[in-house]
Amino acid sequence: MSGPHLRDGDPSSGTPEDDAPAPGAIPAAVSGQPDDGDRPTARDPFGAGRLTAVVERLRGEVRAAHAAAEGRALIELAKGVIVERLGCGPAQAARQLAELAEQAGLSQLELAADIINQAARDRVAEVAGDFLRVTGDRPGTAGADASVGVRLRTAESAALSADDTQSVAESLLAHALEPLGAVAVAIWTTGADASLSLRGHAGFGSDEAARWHYVPPGVTTAARQALTARRTVWYPSLAAAGVPSIGRARHPDGGRVVVPAGTGGRIHGVLEVCWARPLEPQPQAVERQIEALAELCAHTLETLPAEGGPTRPLLPGGEGPLELAELADGLHDPALVLTPHLDDAGRLADFRIRHANALFQDPAGRPRNTVEGALLLEAYPATAGGSELFDRIERVYATGEPFRSRRTRLTALVGQVPLSSLADISISRHGDSVFLIWRIEDESARLANLLQHAQRLGRVGAFEEDVLTGEITWNGQLFDLFGRDKTAPPVSLRDLAAHAHQDDAGAIRRFLHSVLHQRRAGSAAFRLLRRDGVTRHIRVIAEPALGADDRIQSVRGAYQDISAQHWTEVALTATRDRLVATEEEAQERNRLTLQLQHAIMPPAKPPLDAPGLDVAVRYRPAESDSMVGGDWYDAVVLPSKKVLLCVGDVAGHGVEAATGMVVLRNALRGLAVTGAGPGQLLSWLNTVAHHLTAHLTATAVCGVYDPESRTLRWARAGHLPPVLVRGSEAADLPLLRGVLLGALAEAEYEEAELRLEPDDTVLMYTDGLVERRDTSVPESVAQLLAAARLPAESLERRLDLLLSRSKSDTDDDTCLVGVKVT
């Protein structure tokens, strides 16, 4: 055990008698002999500085006197241990203590703390022993830290001699927590309603303490979390945890340790320790020191009288079993009064049943007098099982926070057979006792409750009408259904037509004839005209109840509000009609779109009159007529004898895409007459798409073939490049620069020139040829090139082969243009 650092006024620096002022001595600060530095000066004519110095010296002497008194109490206690062990007198014990301290090289205070620890063998002694086992330090060794035993025993002595909790907090901080680096401490006490009140503090400002003097129940603070969790909670940084508490504004990044302070299973309060900086992980010995201080706080909170308290009144805390027994006997539900039962070590082991009220019924049939006085776990061992009832009682007793629960399953052992039932539970703490109330859910009440909920959800109201006396019984739901006050008389079946729409009188008449005359169950649907002007669609169903003479005695039945169902059917019918009309309109629209597309671009094009060039086209429309797209192609001989070749794809489907395709196709034909190159043609076509159409975008490949030089100049606008088939090889042409049509107001398109050889084939296509849902575009293009390398008898055969190997699954059109040099 390491010794403390010596400080001015520290009782460990010598005997208390040496440190204390001599009896009758007058302190220099008040002896009327001022020092030279305390005389009035020109800057301080009233001697304020001198008075401040006097106050500080007096405070230091007071602290020294307190420290000496606390140290003297430990030394006197150690002397008492020596008197008891050696059987000697007080004077001899004092000499023995001085000699032992001198031989061990310790101060008398350090040796006194060690003697008390060995004799007490309590929690403080265990903590001090743990510290020695971890550090290996012994009191008095060179460079050793302050003795844990001295600090804890000094704090204990000051706390036990304190008159209020405020003094306890100051002593804990000064003697035990400041050596651990703590800067402030707060001691909270718990109220009967699980509230928290600040009973003592040190290191926090008075204004801060005034703001935190009371924390209502349910407010989540650092102390509240330790209380509800019933364990020590460490916060490396309170701000990082986002939990409010006292002093957070002053030390926002500081660490906190919050420890429940309880004895015998009951938490009397919470000890909260504050650090100025983030808290690093601490050794277990430090954790046990703080827990020992919390246990010391628990004992002081248990013995010290209540101070101040919260501004709101608390529940009585001093009732004994007698008062609670009288309260339990006045209840209309079974109730038990429980008190804690502690083991030899002072820990909560069980609860004793002090009283069972008159309505208490034991599941096993035992009388009340055999249960009263028994331990709860012995009388009802199943409370510690799946119902967790014992754990909840223990928690309520520890924290004071009441517990309420509906439909809790309770299990009792009757002849080693578990019997379960559902009950509403209420557990509360009153003083040192626990009040347990429960209400068993009756089976008939449960079924009636279920029926009531079912009727409410189904908007059903039940009735019974006595045919002989005319007495009518309605349930509450039926009054709401008819919009009638519950004090108003119910409506008879014979008067039902007067409350219904006149067009429904025939249906009600047939219903009454079936029930009252044919004596069989019947039903009818009608429109109920309520007094508040609301019309509801109602279905009534009833059946007669026959007596012994086979005559009708009463009619029982129910009314159900089917307004929602009726209006749903009306809405469904209207929706069905609209869907049919929309479907017919869509079919007509798609038919016209398809006719427009086929009129402009037939699936097969007649041969093109171009010398030295064989041209073939294929067009495969989408499988669904509703997905008619904007794919287009064109192959035409220009006035210059050059051949215009192009394919394109307008974004979207339907009439808009088809008409957009017509605009771009015809515009390109007209622009190509100018003799411009493909790049210029696409630039002009972009202007048409951007300015002369409504938000039209498209991709395209445009080529101009010169038969004389056998050269193909081409450009692309966001489209896949053409494919060149030469001999047994096939490859796609370079990916030239060019954005899609209509994306920008102005755009330029890169051109390329390709000199073709005899038997060369150039393929232009839209993305419907290569797009697949489960295959990437590069992979599909590779498959297209592989198919293009296959030998073919003619250009027409090659195009058919490519289409047959391309199974489109994206509901998109496909255009394919092939050019072969002959």
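In which strand does V258 lie? V258 sits in β5, residues 256–263, where helices (H or I, at least four residues) and strands (E, at least two) are DSSP runs numbered from the N terminus. The model is predicted, so local features need pLDDT of at least 70 and side-chain atom pairs count only at pLDDT 80 or more, while totals for chains, interfaces and linings use all residues. Residues are numbered from 1 along each chain as its sequence is written, and side-chain values use heavy atoms, with hydrogens and water left out.

With 0% relative accessibility, V258 counts as buried (under 20% relative accessible area, with exposed over 50% and partly exposed in between; 1.4 Å probe, protein chains only). Leaving aside residues up to four places away in sequence, V258 touches several others, including A222, Y235 and L271; contact means heavy atoms within 4.5 Å. R231 is on that contact list too: V258 and R231 are 27 residues apart in sequence, and 8.5 Å apart from C-alpha to C-alpha.

Now for the cores, each a set of buried Ala, Val, Leu, Ile, Met, Phe, Trp, Tyr and Cys residues joined through side-chain atoms within 4.5 Å. The largest nonpolar core has 28 residues, of which W632, L644, L664 and L668 touch the most other members. Elements giving two or more residues to this core include β18 (629–637) and α21 (678–691), but α20 gives the most, with six. Another core, of 26 residues, lies apart from it, and A182, I187, A202 and L279 are among its members.

Finally, there is α22 (residues 777–788). Its buried residues are S780, V781, L784, L785, A787 and A788. They pack against β22 (723–726), β23 (729–732), β25 (761–765) and α23 (795–804).
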